[in-house]
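Please open the model in your viewer, with the sequence panel beside it, and follow the stops below in order.

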Amino acid sequence: MLTLDQVPWNRSKATSEFAYPAATWRLIIDGEADGATNMAVDEAIMTSVREGTSLPTLRLYAWSPPCLSLGRNQPLDDVDREACHAGGVDVVRRPTGGRAILHVDELTYSLALLETDPRAAGGVLASYRRLSEGLLAGLDRLGVIATQALGQRKAVADLTAICFDTPSDYEITVRHAGEPSTGGRKLVGSAQWRARCGVLQHGSLPLHGDIARILGHLALSDSEREVQRQALRARATTLEKARGRVIPFPHAAQAMTKGFSQALNLTFTRGTLTAQEQSLAIALRRERYANQDWTART
């Protein structure tokens, strides 16, 4: 029996409860880019969608070099900058909230749409639930039975610097074989930002590797690092662990595209950045995301 803290992916329920009008969106599947570029591109797309010069957009991408991203208002002091520099790990501040994520060996998705779109209806939390149906449908296509987390919030004093420490409402969790039916390990971490009627939601799906690698790049004592390493491995997971084998990025990207199409009643047209978006992304990268004043903001 499912408990109240789990909302399963169910095709018939999703179709009846979230009946959206058909829509055509742009699909951008990018290769790897550095952290400042990725964040600048996401904001440039959201700005263009908000201004009506581009279709709503699903973007799927990766990161190189590895990058530690901080939530919009997260203290830079959470980062061990010497360890990041020594390990060749970039540090960037996201436009969205939340806590730190180490972006490596993952698929990142971003959705840019308008607040007036019915898929974004009801505010941040309600739209999390709606948009996460696309993630659940994509994971279903990969053979992963996932759920939307509910009621797992921590008190502020108990929060750590790590995004994957605990799932927020409607983020995606999965149980490993043989584990109890209650709760689950966080598989996809997401965050949303709204500005002048535009909505940007992006999130991280770790494909493989040690989910606790992030701890080597945060400002922790050795004893804190070990305690959090054990806790994080118990609370979060990767697609490889959930599926039992490594899923290549192209395979995961195809499944997620079909999942969003199915769950949100979308037809995708493959595209690239417009010249206007490219120009804006270059400016945003220079003036914000690669700017140390922005990275150090509190």
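**Stop one: helix H2**

Begin at the start of H2, where a side-chain oxygen of Asp-34 reaches to within 3.1 Å of the backbone nitrogen of Ala-36. Before going further, note that this is a predicted model, in which local features need pLDDT of at least 70 and side-chain atom pairs count only at pLDDT 80 or more, while totals for chains, interfaces and linings use all residues. Residues are numbered from 1 along each chain as its sequence is written, and side-chain values use heavy atoms, with hydrogens and water left out.

Now select residues 35-50, which make up helix H2; helices here are DSSP runs of H or I with at least four residues, strands are runs of E with at least two, and both are numbered from the N terminus. The end C-alpha atoms of H2 are 23 Å apart, which agrees with the 22 Å that its 16 residues should span at 1.5 Å a residue, the expected span being 1.5 Å times one less than the number of residues. Of the 16 residues in H2, 15 are buried, where buried means under 20% relative accessible area, exposed means over 50%, and partly exposed lies in between (1.4 Å probe, protein chains only). Following H2 you will find Gly-52, with a positive phi near 80 degrees.

**Stop two: Ser-110 and its surroundings**

Select Ser-110 in strand S7, which counts as buried at 4% relative accessibility. Which side chain does Ser-110 join through a polar contact of 3.0 Å? It is that of Asp-42; a polar contact is a pair of N or O atoms within 3.5 Å, and within protein one must be able to donate a hydrogen and the other to accept it, with residues adjacent in sequence counting only if both atoms are side-chain atoms. Leaving aside neighbours within four places in sequence, Ser-110 is in contact (heavy atoms within 4.5 Å) with residues including Thr-57, Arg-59, Tyr-61 and His-202. While Arg-59 and Tyr-61 are in view, look at the charged end of Arg-59, which sits over the ring of Tyr-61 at 3.7 Å from its centre; the criterion is that NZ of Lys or CZ of Arg is within 6 Å of the ring centre and within 35 degrees of the ring normal.

**Stop three: aromatic pairs**

A search of the whole structure finds three aromatic pairs, that is, rings of Phe, Tyr and Trp (its six-membered ring) whose centres lie within 6.5 Å, with planes under 30 degrees apart counted as stacked, over 60 as edge-to-face and the rest as tilted. In one of them, the ring centres of Tyr-109 and Phe-260 are 5.8 Å apart and the planes stand at 40 degrees, so the pair is tilted. This pair links distant parts of the chain, with Tyr-109 in strand S7 and Phe-260 in helix H7 (residues 249-264), 151 residues apart. Both Tyr-109 and Phe-260 are buried.

Tyr-289 and Trp-294 form an edge-to-face pair, 5.7 Å centre to centre with 80 degrees between the planes, and both Tyr-289 and Trp-294 are buried.

**Stop four: backbone details in loops**

Finish with the backbone, going to the peptide bond from Ser-64 to Pro-65, which is cis, with omega near 0 degrees. Pro-65 lies in the loop between strand S3 (57-63) and strand S4 (67-70). Asp-105, in the loop between strand S6 (101-103) and strand S7 (106-114), has a positive phi near 55 degrees and is partly exposed, with a relative accessible area of 29%.
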